[in-house]
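Hi there,

Here is the model I promised to pass on.

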Amino acid sequence: MRGTRRVLVAADKFKGSLTAVQVAERVTAGLRRVVPDVEVEALPVADGGDGTVDAAVAAGFERREVRVAGPLGDEVTAAFALRGDTAVVEMAEASGLQRLPAGVFAPLTASTYGSGELLRAALDVGARTIVFGVGGSATTDGGAGMLAALGARFLDADGEPIPPGGGGLAELVRADLTGLDPRLAAVDLVLASDVDNPLTGPKGAPAVYGPQKGASAQDVSTLDAALAHFAKVLEGVGGIGNRAAEYAASPGAGAAGGIGFGAMLLGARFRAGIEVMLDVLGFAPALERASLVITGEGSLDEQTLHGKAPAGVAAAARAAGKEVVAVCGRLALEPEALERAGIRRAYALTEVEPDVATCIADAGRILEQVAERIGRDRLA
């Protein structure tokens with residue numbers, strides 16, 4: 001690919017080290033040290049999880065901030081992105097693990113109420129298309145909190161609101177969805193996720209993701225039963241509840257602690273998160289302008305191949321006949337697997353600095369050195 005002079009940097013974050021925007025900045029700096037006149041277009045990407053709003057803002061969306069409930073009920077400042085009548089809402093902004101105090105988990109009580117408030121804020125500014133990126137959640141409440149923030153009522157045997165979180169769903173006796181915000185009916189709601197789990201069962205939200213949120217084996221059992229009960233009660237309310245069993249078994253229902261299920265009740269269309277975000281961010285025209293694409297994320301591993309951002313970028317670029325290389329902190333894929341994914345070669349920080357702790361602490365500087373290697377190999 002000698003002589004390439006236009007590079008598209010479309011990488012995700014290096015979690016815990018660099019944001020997607022910082023990755024693009026460092027790669028650009030490294031490339032220009034080797035080829036000063038190289039044209040670089042930066043398009044930070046995300047797959048619907050944390051960092052999705054930042055990626056949209058970097059692509060030209062306006063950042064909007066609003067005060068909403070965090071997963072434990074305390075008020076936090078969360079952001080969504082807006083361009084025209086399209087909003088990008090990231091549930092992790094309100095209900096993500098990063099909103100919990102360090103070392104604190106609340107698998108039974110964490111609520112998605114703030115995510116519903118974020119969706120309502122998007123409606124308030126006139127959004128007609130809402131891309132709802134889900135991932136990185138602290139919650140396993142099936143989206144009940146989100147639905148409550150949008151006007152649903154979930155009551156116990158005494159006619160009182162049930163406690164927040166997935167554990168509280170066990171006390172649900174009556175659900176009333178008639179108060180849901182009527183504006184939702186006129187909105188194209190897109191559920192963007194890289195997770196295709198159902199709501200419950202061995203591959204459901206509690207069993208697969210509960211332990212990451214601090215759930216014990218008993219908590220997982222409790223949450224699984226509570227979510228199954230939630231879906232069962234909703235079946236009896238009529239209207240959108242009639243499809244509750246169908247939605248519960250659908251791919252993506254278990255995303256972000258079951259908020260995918262709640263979003264489906266609101267009429268959301270499920271799409272692979274990276275595909276949605278590439279559309280929203282304007283990836284296709286940027287790709288057309290590029291001769292070389294650089295993608296990446298913190299760890300290139302088996303998970304990458306199952307709907308993560310670099311795999312989505314590489315697939316689209318390969319279809320367009322563009323060469324793709326990747327940057328990463330850690331590489332755990334064989335060259336054959338990379339080639340099948342459409343990635344010609346991966347450049348890892350650990351090739352420059354074998355000590356992983358140093359790579360994490362000084363990722364930016366080392367990434368610039370990695371980018372210099374790419375410049376020499378691919379551009380000089």
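First, the ground rules. This is a predicted model, in which local features need pLDDT of at least 70, side-chain atom pairs count only at pLDDT 80 or more, and totals for chains, interfaces and linings use all residues. Residues are numbered from 1 along each chain as its sequence is written, and side-chain values use heavy atoms, with hydrogens and water left out.

**The sheet**

An open sheet is built from 5 strands in the order β2-β1-β11-β12-β13, with parallel pairing. Its edge strands, β2 and β13 (345-348), each pair on one side only. From one strand to the next the twist averages 25 degrees. Helices (H or I, at least four residues) and strands (E, at least two) are DSSP runs, numbered from the N terminus, and two strands pair if DSSP finds at least two bridges between them.

Within this sheet, β11 (residues 292-300) and β12 (residues 323-331) are joined in the parallel sense over 8 bridges. Thr295 has Ala326 in β12 standing opposite. Across β11 and β12 lies helix α12 (residues 309-319), running at about 160 degrees to β11. For such angles, axes are lines fitted to C-alpha atoms, for helices over the stretch in contact, and angles run from 0 to 180 degrees between N-to-C directions.

**Leu43**

Leu43 sits in the loop between β2 (39-42) and α2 (52-58). Leu43 is buried, with a relative accessible area of 6%; buried means under 20%, exposed over 50% and partly exposed in between (1.4 Å probe, protein chains only). Leaving aside neighbours within four places in sequence, Leu43 is in contact (heavy atoms within 4.5 Å) with residues including Leu8, Val9, Leu281 and Phe283. Leu287 is 244 residues apart from Leu43 along the chain, yet their C-alpha atoms are separated by 9.9 Å.

**Leu266**

Another loop residue is Leu266, between α9 (255-265) and β10 (269-272). Leu266 counts as buried because its relative accessible area is 13%. Not counting residues up to four places away in sequence, Leu266 touches Met146, Leu147, Leu150, Leu180, Leu184 and Leu189. Gln303 is 37 residues from Leu266 in sequence and 29 Å away in space, C-alpha to C-alpha.

**Ala256**

Most residues other than glycine have a negative phi. Ala256 has a positive phi of about 50 degrees although it is not a glycine. Ala256 is also buried, at 11% relative accessible area.

Best wishes
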